[in-house]
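Here's a quick briefing for anyone opening this structure for the first time. Keep the view open while you read.

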Amino acid sequence: MKLNHANLCTTDVAGLADFFTRHFGFELVAMRGNDAFAILRGTDGFALNLMRPGKGGKADYPEGFHIGFLVGDGDEVRAKHAEMTEAGLRPDEIQNLMRGGAATTVFYCLAPGGLLVEVSADVS
């Protein structure tokens, strides 16, 4: 079985689509309904759908909800952090953590529309 897609709600579909295409290599496949729905495709074929919440709705996620990207090493984490800082996104500071006995380099960044994104690498 293979995970086919994820559907995320956001109040800023166009901004979040630009974020994923610019910083994470996604391709914009379609934008529909006056920037209300976007289909993105990752380099591995994974589909990421972005949509506005229903009328009057909000894009509320539970505390701690985020999506995470795994990169090859700590240098890639630092490079992505610098890229996002240069783009004016204000990512959190880079941290070196132990997770389940593995050393990890990680940072978090609030993406357009309020979605929390993690970038990390296992550096063991």
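Let's start with one of the sheets: four strands make an open sheet, running in the order β5-β8-β7-β6, with mixed pairing. Its edge strands are β5 (67–70) and β6 (95–99), each of which pairs on one side only. From one strand to the next, the twist averages 35 degrees. Bear in mind that you're looking at a predicted model.

- Strand β7 (residues 102–110) and strand β8 (residues 116–122) run antiparallel to each other, paired over seven bridges.
- To find your place in that pairing, look for V106, which stands opposite S120 in β8.
- Helix α2 (residues 74–86) packs on this sheet and touches β7 and β8. The direction of α2 makes about 10 degrees with that of β7.

**The sheet with β1 to β4**

- Another four strands form an open sheet, and here the order is β1-β4-β3-β2, again with mixed pairing.
- On the edges sit β1 (5–9) and β2 (27–32), and each has a pairing on one side only.
- The parallel kind shows up between β1 and strand β4 (residues 47–51), which pair over five bridges. Within β4, N49 is the residue standing opposite N7.
- The antiparallel kind shows up between β2 and strand β3 (residues 37–41), with five bridges joining them. Here L28 has L40 in β3 as its bridge partner.
- The hairpin of β2 and β3 has four residues between the strands, and in it G33 takes a positive phi near 60 degrees.

**Aromatic rings**

- How many aromatic pairs does a search of the whole structure find? It turns up eight.
- Take F20 and F24: their ring centres are 6.3 Å apart and their planes sit at 55 degrees, so this pair counts as tilted. A pair is called edge-to-face when the planes are over 60 degrees apart.
- Both F20 and F24 belong to helix α1 (residues 13–24), where they're four residues apart, or about one turn of the helix. Are they buried or exposed? F20 is buried, and F24 is buried too.
- Next come F26 and F69, with ring centres 6.3 Å apart and planes at 80 degrees, so they make an edge-to-face pair.
- This pair ties together distant parts of the chain: F26 is in the loop between α1 and β2, while F69 is in strand β5, 43 residues apart.
- F26 has a relative accessible area of 11%, so it's buried. F69 comes in at 19% and is buried as well, because the cut-off for buried is under 20%.
- Put together, F19, F20, F24, F26 and F69 form one aromatic cluster.

**A charge over a ring**

- Which residue has its charged end over the ring of F24? That's K80, whose charged end sits 5.2 Å from the ring's centre.

Methods
Residues numbered from 1 in each chain as written. Predicted model: local features only at pLDDT ≥ 70, side-chain atom pairs only at ≥ 80, totals over all residues. Heavy atoms only, no water. Pairing = 2+ DSSP bridges. Helix = DSSP H or I, 4+ residues; strand = E, 2+ residues; numbered from the N terminus. Axes fitted to C-alpha atoms, helices over the stretch in contact; angles between N-to-C directions. Contact = heavy atoms within 4.5 Å. Phe/Tyr/Trp six-rings, centres within 6.5 Å; stacked < 30°, edge-to-face > 60°. Buried < 20%, exposed > 50% of the residue type's maximum accessible area, 1.4 Å probe, protein only. Lys NZ or Arg CZ within 6 Å of the ring centre and 35° of its normal.
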